[in-house]
Amino acid sequence: TPLPFTFRDSRKASTIYRTLKKAGKKVNVADVLIYAQAAERGLAILTKDGDFSVINDCNKRELEIVKL
């Protein structure tokens, strides 16, 4: 079941996006939204997508990212 995208998720995503932009990092916006949802809920992310590691590095390694 997909998670609902909340106002808190959108605020978190915008903060993450600004941080990435300031650092000169370009990632898929959908990955930023997914990361924000996981961060707001304290979830880990299992992925083959390297963008999540880039986001996590710019976000003080807030989440556990498990590469498949």
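**Surface patch**

I began with the nonpolar patch on the surface, which Phe5, Tyr17, Val29 and Leu33 form with about 360 Å² of accessible area together. For patches I took residues with over 30% relative accessible area and no salt bridge, joining nonpolar side chains (Val, Leu, Ile, Met, Phe, Trp, Tyr) within 5 Å and like charges within 9 Å. A salt bridge here is a side-chain nitrogen of Lys or Arg within 4 Å of a carboxyl oxygen of Asp or Glu. Areas come from the Shrake-Rupley method with a 1.4 Å probe, and for residues only the protein chains shown count as cover.

A note to keep beside everything below: this is a predicted model, where local features need pLDDT of at least 70 and side-chain atom pairs count only at pLDDT 80 or more, while totals for chains, interfaces and linings use all residues. Residues are numbered from 1 along each chain as its sequence is written, and side-chain values use heavy atoms, with hydrogens and water left out.

**Helix α2**

I placed Leu33 in helix α2; helices (H or I, at least four residues) and strands (E, at least two) are DSSP runs numbered from the N terminus. Leu33 counts as partly exposed, at 35% relative accessibility. My classes are buried under 20% relative accessible area, exposed over 50%, and partly exposed in between (1.4 Å probe, protein chains only).

**Helix α1**

Next I looked at the span of α1: its 16 residues reach 23 Å from first C-alpha to last, close to the 22 Å expected at 1.5 Å a residue. The expected span is 1.5 Å times one less than the number of residues.

Which residues of α1 are buried? I found Asp9, Lys12, Ala13, Ile16 and Leu20. They cover an arc of only 100° around the axis, so they sit on the same side of α1; the arc is that of the directions from the helix axis to the C-beta atoms. On the other side, Phe7, Arg11, Lys21 and Lys22 are exposed. The cover over the buried residues of α1 includes α2 and α3.

I stopped at Lys12, which counts as buried at 17% relative accessibility. Setting aside neighbours within four places in sequence, Lys12 is in contact (heavy atoms within 4.5 Å) with Ala36, Ala39, Glu40, Asn59 and Glu62. Just after α1, I noted Gly24 with a positive phi of about 75°.

**Helix α3**

In α3 (residues 51-58), I listed Phe52, Ser53, Ile55 and Asn56 as buried. Viewed down the axis, these fall within an arc of 160°, so they line one face of α3. What covers them includes α1 (7-22), α2 (29-41), β1 (45-47) and β2 (65-67).

Lys60 is in the loop between α3 and β2 and counts as exposed at 78% relative accessibility.

Arg61 belongs to the loop between α3 and β2 as well. Its phi is also positive, near 50°, and Arg61 is exposed, with a relative accessible area of 59%.
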